[in-house]
Amino acid sequence: MPELIAYTDGACSGNPGPGGWGALLRAMDGDAVLKERELKGGEGLTTNNKMELMAAISALETLGKPSTITIVTDSNYVKNGITSWIHGWKRNGWKNAAKKPVANADLWQRLDAAQARHTVTWKWVKGHAGHPENERADALARAGMAPFKPE
């Protein structure tokens, strides 16, 4: 069975400002790429964290059937949020440690629901460090932002 990997990234010009997200999905057999799909989108006024979340959400929501997948992100916010912080947020009624509403709770809930259908492994890579697939995800995020950036 092929291994599924999604490389995800978000971008923002100003924070908040116009933003975009990108995801590179690959079906792999060892080192061989069997199939590849690119996803991208954006918004006119958003934040970098929202775009990072949307990249991961979109990668998971695009899968037609329950799958085993590795999500590779350069966002500690996304990786730590979904693997660690979310458990406390759910226990505390979507309040953070300071008893304030969790930022982007709607997107965290959407990501949680999207991941529930799948077996997901989360991996972090350093952004803008020459990782080829992360660089492609970044390029997709910038392309997703382009229609929303003023000339």
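This section describes the fold, the sheet and the nonpolar cores of the chain. The model is predicted.

The chain contains 4 helices and 5 strands. Along the sequence, these elements follow the pattern β-β-β-α-β-α-α-β-α. The C-alpha atoms fill a box of roughly 50 × 40 × 30 Å along the principal axes. The radius of gyration is 15 Å, and a compact globule of 151 residues would have a value near 15 Å, so the chain agrees with that expectation. Buried residues account for 47% of the 151 residues. The accessible surface is about 7,900 Å², and carbon and sulfur atoms contribute 52% of that area.

The 5 strands form an open sheet. Their order is β3-β2-β1-β4-β5, with mixed pairing. Strands β3 (32–46) and β5 lie at the edges, where each pairs on one side only. Neighbouring strands are turned by 20° against each other on average, direction ignored. In general, strands of a sheet pair through backbone hydrogen bonds, either parallel or antiparallel. Strand β1 (residues 3–12) pairs with β4 in the parallel sense, over 5 bridges. Within this pairing, Ala-6 has Ile-71 of β4 as its bridge partner. Helix α2 lies across β4 and β5. The angle between α2 and β5 is about 140°.

Nonpolar side chains tend to be buried together in soluble globular proteins. The largest nonpolar core of the model has 30 residues. Leu-53, Leu-60, Ile-71, Trp-108, Leu-111 and Trp-122 touch the most other members. At least two residues of this core come from each of β2 (17–29), α1 (48–61), β4 (68–73), α2 (76–91), α3 (105–116) and β5 (119–124). Helix α1 gives the most, with 8 residues.

Leu-111 illustrates the packing. With residues up to four places away in sequence left out, Leu-111 touches Leu-53, Ala-56, Ile-57, Leu-60, Val-78, Ile-82 and Trp-122. Among these partners, Leu-53, Leu-60 and Trp-122 also belong to the group that touches the most other core members. A second, separate core has 8 residues. Its members include Ile-5, Leu-24, Met-28 and Leu-140.

Terms used
Residues are numbered from 1 along each chain as its sequence is written. This is a predicted model: local features need pLDDT of at least 70, side-chain atom pairs count only at pLDDT 80 or more; totals for chains, interfaces and linings use all residues. Side-chain values use heavy atoms; hydrogens and water are left out. A nonpolar core is a set of buried Ala, Val, Leu, Ile, Met, Phe, Trp, Tyr and Cys residues joined through side-chain atoms within 4.5 Å. Buried means under 20% relative accessible area, exposed over 50%, partly exposed in between (1.4 Å probe, protein chains only). Contact means heavy atoms within 4.5 Å. Two strands pair if DSSP finds at least two bridges between them. Axes are lines fitted to C-alpha atoms, for helices over the stretch in contact, and angles run from 0 to 180 degrees between N-to-C directions. The radius of gyration is taken over C-alpha atoms; the globule rule is 2.2 Å times the number of residues to the power 0.38. Accessible areas come from the Shrake-Rupley method with a 1.4 Å probe; for residues, only the protein chains shown count as cover.
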